[in-house]
Amino acid sequence: MNIRNQLAANDGRRRLKNQIMCAFLFLAAIVAIAPLVSVFVYVVQRGYQAMSWDFFTQLPAAVGSSGGGMANAITGTMVLVALASLIGVPVGICGGLYLSEFGANSKIASTLRFGVDILASVPSIIVGLFAYAVVVMPMKRPSALAGGFALAILMIPTVARTSEALLKLVPVHIREAGLALGIPRWKVIIFIVLRGSMGAIITGIMLGIARAAGETAPLLLTAAGSQHWSHGLDQPIASLPVQIYTFAISPYDEWQKQAWAGAFVLVLFVFVLNIGTRLIIKRPTIAKD
Amino acid sequence: MAQTSIILQTKRVNAYFGKVHAIQDVSLEFRSNTVTAMIGPSGCGKSTFIRTLNRMHEEVPGARVEGEVLLDGSNIYQPGVDPVSIRRRIGMVFQKANPFPSLSIFDNVAAGLKLAGFQRRTVLQEVVERSLRQAALWDEVKDKLKAPGTSLSGGQQQRLCIARALAVSPPVLLMDEPTSALDPISTAKIEELVMELKNEVTIVIVTHNMQQAARISDHTAFFLMGEMVECDLTSRIFTKPRDSRTENYITGRFG
Ligand SMILES: Nc1ncnc2c1ncn2[C@@H]1O[C@H](COP(=O)(O)OP(=O)(O)OP(=O)(O)O)[C@@H](O)[C@H]1O
Ligand SMILES: [Mg+2]
């Protein structure tokens, strides 16, 4: 039997195998995604029931009385995220720029890269402890600043590594075009390379923010929590995750309901952030090579 | 043809990629307002050589240059010379069109000036139009100057890159196989352009296309395995070259 006939004879079996494998992979994908979908559905269901206008405008209610909201925690999370971005985004982008453009293959850069990777996998409670030691202890109290600092440290690796990866995607011939035009290297990097990948880098920033917004452990140590409006950046501040945590472990029915509503808002926030980023960046700004 | 002055000259230029010795002892002269073609088989070092002329070779990690390149009599490799100032005077067009992807057509052409500090809108507009006209692209893009540079066709992108290089008015323009990816019409346009530009710019052009070299160049240099075998008037290189290797290459016996 020649090879052509042999291959033709195998065709049916091959097709069957192919179909079985496809079905199997599809199942695996379902199993992977099922918990995510069910958590989402559950949070939305429970949270939606507890949702009210008051939730966004009122301070938490005292034990026993019903109603109240998490207005202070929502604004608190926004303040913390803003503080974290203020530090984390510039440091992250500059770090990414250094790693991809200046350090490139140097010893320092690979050491730094390794450090950033380690930082990305450090449990967030450790980062919280660090912020506790360097900010909370000297200031003698938990504060929004300390919380923002801790979240910034958590954001930096994501932002730095995404920026580095995206900058590296910009082909060498684009950089060379700039250099050959007599444009100084730093201007080529800022106005051509960075500008071209900015859209995509924003995705990295958004992912960093989304991660920071949901962190609880470091905030327990650094920003503590509060049932009131914030009195200043050097004072403890409420945040959604901490508020959810506090209310969820309480024995009170009303508080637990509020915790679900908080979870709903937090999930929504992360969700909107993701979708929003995707809409802003309709298409990759780095052109086809 | 009357002899013009020497604007660019190399003296025993050697170029390395790490340990690879890609260019060996090349000494050449380029006269003002002439077109010099670089020909030779693939991998013989044409691109490497022209990249030593505007200090782009050193941008490759591990790459290094020895010897002298004199621009208007002064060595561009002298310690203390800023490569940026050299590249402003020696423009380059690459084999593959490489417009800046994030910039509009207008900004692509204006980039060299803008990033060198020219901000006056009227000046920029004037320069952009003049450069696009020189590159024979103006009529095709004048109504969509705000569109991204990458939205143009390959041939248009290459002419955009030429306009971009011309916008900073370099006295010397290096072109590395500028038409190798283009259709015959775009190619003809660029060849025409090269012959027109000669009045203002000294051009060094790498090409694999022998007819192209014969059509547009005044001088031709033949490269082989990192060496410059001979350089002469184009008419002589293509009719009675001195070196038998040149003759073999031109008549298609190898390469
Ligand atoms: N980045 C690099 N690292 C190491 N060696 C290189 C590098 N670039 C080119 N070379 C080597 O240098 C030599 C000359 O290459 P070059 O690109 O200058 O040839 P070329 O004449 O332009 O060829 P082509 O006509 O195919 O463009 C080749 O042998 C090539 O292998
Ligand atoms: Mg080449």
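Author: Helices and strands here are DSSP runs, numbered from the N terminus. The model is predicted.

Reader: Which residue just after H5(A) takes a positive phi?

Author: Helix H5 of chain A covers residues 124-139. Most residues other than glycine have a negative phi. Just after H5(A), a positive phi of about 65 degrees is found at Lys140(A).

Reader: How far does helix H5 of chain A reach from its first C-alpha to its last?

Author: The helix has 16 residues, and at 1.5 Å a residue the expected reach is 22 Å. The value in the model is close to that, at 21 Å.

Reader: Where does H5(A) bend, and by how much?

Author: The bend is at Tyr132(A), a residue of the helix that spans 124-139. Its angle is about 40 degrees.

Reader: Which helices do the buried residues of H5(A) pack against?

Author: Buried means under 20% relative accessible area. Among the residues of H5(A) that are buried are Val127(A), Ala131(A) and Val135(A). In chain A, the buried residues of H5(A) pack against helix H6 (144-169) and helix H9 (217-222).

Reader: How many residues apart in helix H6 of chain A are Glu164(A) and Arg161(A), and what is the N to O distance of their salt bridge?

Author: Both residues lie in helix H6 of chain A, three residues apart, about one turn of the helix. An α-helix has 3.6 residues a turn, so residues three or four places apart point the same way. The side chains of Glu164(A) and Arg161(A) meet in a salt bridge with an N to O distance of 2.6 Å.

Reader: Are Glu164(A) and Arg161(A) buried or partly exposed?

Author: The cut-off for buried is under 20% relative accessible area. Arg161(A) has 29% and is partly exposed. Glu164(A), at 2%, counts as buried.

Reader: What is the N to O distance of the salt bridge between Arg15(A) and Asp11(A)?

Author: Arg15(A) and Asp11(A) are four residues apart in helix H1 of chain A, so about one helical turn separates them. Arg15(A) is partly exposed at 48% relative accessibility, and Asp11(A) is partly exposed at 26%. Their side chains meet in a salt bridge at 3.2 Å.

Reader: How much accessible area do Ile33(A), Leu36(A), Val37(A) and Val41(A) have together?

Author: Ile33(A) is in helix H1 of chain A, residues 3-50. This residue is partly exposed, with a relative accessible area of 47%. With Leu36(A), Val37(A) and Val41(A), Ile33(A) forms a nonpolar patch on the surface, and the accessible area together is about 360 Å².

Reader: Is Arg55(B) buried or exposed, and what is its phi?

Author: Arg55(B) is found in the loop between helix H1 (46-53) and strand E4 (63-71) of chain B. Its relative accessible area is 11%, so Arg55(B) is buried. Although Arg55(B) is not a glycine, its phi is positive, about 60 degrees.

Reader: Is Asp72(B) buried or exposed, and what is its phi?

Author: Asp72(B) has its place in the loop between E4 and strand E5 (74-75) of chain B. With a relative accessible area of 52%, Asp72(B) is exposed. Asp72(B) is not a glycine either, and its positive phi is about 50 degrees.

Reader: Which residues is Gly155(B) in contact with, leaving aside its neighbours within four places in sequence?

Author: Gly155(B) is found in helix H6 of chain B, residues 154-167. At 9% relative accessibility, Gly155(B) counts as buried. Beyond the neighbours within four places in sequence, the contacts of Gly155(B) are Leu182(B) and Ser186(B).

Reader: Which parts of chain B does the salt bridge of Arg242(B) with Asp232(B) tie together?

Author: The closest N and O atoms of Arg242(B) and Asp232(B) are 3.1 Å apart. Arg242(B) lies in the loop between helix H9 (234-239) and helix H10 (244-250) and Asp232(B) in strand E10 (residues 227-233), so the pair ties together parts ten residues apart in sequence: that loop and strand E10.

Reader: Which residues are joined into one network by salt bridges that share partners?

Author: Side chains of opposite charge can pair when their charged atoms come close. The structure holds 28 salt bridges over all chains. Those that share partners make one network of Arg113(A), Asp117(A), Arg161(A), Glu164(A) and Lys168(A).

Technical notes: Residues numbered from 1 in each chain as written. Chains lettered and ligands numbered in written order. Predicted model: local features only at pLDDT ≥ 70, side-chain atom pairs only at ≥ 80, totals over all residues. Heavy atoms only, no water. Helix = DSSP H or I, 4+ residues; strand = E, 2+ residues; numbered from the N terminus. Expected span 1.5 Å × (residues − 1). Bend = angle between axes of the 7 residues up to and from the residue. Buried < 20%, exposed > 50% of the residue type's maximum accessible area, 1.4 Å probe, protein only. Contact = heavy atoms within 4.5 Å. Patch = residues over 30% accessible without salt bridge, like charges linked within 9 Å, V, L, I, M, F, W, Y side chains within 5 Å. Areas by Shrake-Rupley, 256 points an atom, 1.4 Å probe, with all protein chains shown as cover. Salt bridge = Lys/Arg side-chain N within 4 Å of Asp/Glu carboxyl O.
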